Amino acid sequence: METYGKILLVAMPVFLLLVLFEKWYAWRKGADNVRTTDMVSSLLSGVTNVTKDVLGLSIAIYSYSWLVQHLAIYHIKATWLTYVVAFLALDFSGYMVHRIQHTYNFFWNGHLVHHSSEEFNLACALRQSISSFVNLFAVFLLPAALLGVPDKVIAVVAPLHLFAQFWYHTVHIRRMGWLENVIVTPSHHRVHHAINPEYIDKNYSQIFIFWDKLLGTFQEELPDKPPVYGITRPVQTWNPVKINFQHIWLLIKDAWHTKNRKDKFRIWLMPTGWRPADVAQKFPVYKIDDVYHFDKYETRLVPFMKVWLWVQLMILLLFVSYLFGNIAAIGSPGIFIYGFFIFLFVYAFAELMDNSVNAWIWEFFKLASGFSILIFTKDWFGINDIVPYAGYIIGAYFLLSFFITYNFCTSFRKASNLRQFNDEIDQALDNEKNNRLISSADLKQKIQKWN
């Protein structure tokens, strides 16, 4: 836990710089595919994921160390060859888990967030799940366990294997020659993230592409079929916490509403996206039919709000960095209280990006939890020993953040009322055109209402 936190202290700024570099590079080329809100949403998702992982909020059905102890036919030493075998075993395990996530309704919930961006860039690589509390990957490491690959080898290889999947989330690297036959390239992974009928549910491999070629799930990127990214039932929010639980909530509602008892149970392991016929008809969910013609999700950002989003993001990363760098000093239960605060921060932040008129309520919860921590820890988990009077600075920030968020929400409400007013006027004019006349007195009353 503590070691992983310190690794992330180095990895986070590196990933952030690469994400920003890609945005600058795309802007310079005149093909900016890194929208600010989409990128920040991806970074928020990354924050929630690493916070959950650092706090150890997941369990494995069988740990890899247990498999080695009880099932190993013989034990091998940790040589360079051992690390190669471990890497291959981990890659095969990743392929199988990935394929299962795309195949069954229940497991799709733990992976949907990674595909939720309607862009394809380095930032979307950081969209990782917080909803998977049970980890099944160790089951697919059985071959390595039978060979007796030491668990310390897996512990070293696993983070390297994960970080090595970051670079190929980009549209700026086209084809890579003979490497296309060996490793997963950006071209392969663009196919995987695409919702085109030709591409969907293809290229599950994580490092070596030959798993897909051997197991019949490979698809080459076609020159006449540009990939379109996202998911066919778009999430319509920037909030990573909501995205993580949207699908499972839909499954729960469908299982509850369906009249077919068999469907109540089989829905969980049916193919991804399957819904009982009766609830699909009664409670329709928007699905993209034409992948080449649909509106991407977007929210309105005034110039000051764009600046404020960047300020909030930097402050959030400072809070996260302090947690990761001081896990041992903060201790338990402090780290879990801190983690809860981080999730509140992210939720309030994302609701603001969604232009939610109720974002101020979540900002108030963040303010209340922040002040509670300041009061009960006397500062902020010992930060005054590092930066004098930092507790007062943090308290002032909470108040300022709440004030600014509340004012944004007021403007959201006014804009929402104006849109509703315009819709009612348009409807009134349509009615008049269709000879269903609305009296001038009624029209005047509507205008007075919104004024």
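Okay, let's start with helix H16: at 1.5 Å a residue, its 20 residues should span 28 Å, and the end C-alpha atoms are 29 Å apart, which agrees. The expected span here is 1.5 Å times one less than the number of residues in the helix. When I say helix, I mean a DSSP run of H or I with at least four residues, while strands are E runs of at least two, and the numbering goes from the N terminus.

Some housekeeping. This is a predicted model, so local features need pLDDT of at least 70 and side-chain atom pairs count only at pLDDT 80 or more, while totals for chains, interfaces and linings use all residues. Residues are numbered from 1 along each chain as its sequence is written, and side-chain values use heavy atoms, with hydrogens and water left out.

Back to H16. Is it largely enclosed or exposed? Well, 16 of its 20 residues are buried, so the rest of the structure largely encloses it. Buried means under 20% relative accessible area, exposed means over 50%, and partly exposed is in between, with a 1.4 Å probe and protein chains only.

Now look at both ends of this helix. After H16 comes Asn355, whose phi is positive, near 60°.

Asp201 is partly exposed at 33% relative accessible area, whereas Asn203 is buried at 2%.

Next, charges. Side chains of opposite charge can pair when their charged atoms come close. The rule for a salt bridge is a side-chain nitrogen of Lys or Arg within 4 Å of a carboxyl oxygen of Asp or Glu. By this rule the count comes to 13 salt bridges.

Which residue does Lys242 meet in a salt bridge? That would be Glu351, at 3.0 Å from N to O. This pair links distant parts of the chain, with Lys242 in helix H11 (residues 240–257) and Glu351 in our helix H16, 109 residues apart. Lys242 is partly exposed at 32%, but Glu351 counts as buried at 5% relative accessibility.

H11 has another partner to show you. Arg275 forms a salt bridge with Asp254, and their closest N and O atoms are 2.7 Å apart. Arg275 lies in the loop between helix H12 (261–266) and helix H13 (277–282), and Asp254 is in helix H11, so the pair ties together parts 21 residues apart in sequence. Both count as buried: Arg275 at 13% relative accessibility, Asp254 at 2%.

Then there's a pair inside H12. The side chains of Arg266 and Asp263 meet at 2.6 Å, N to O, and being 3 residues apart in that helix, they are separated by about one helical turn. Salt bridges that share partners also join Arg35, Glu119, Lys296 and Glu298 into one network.
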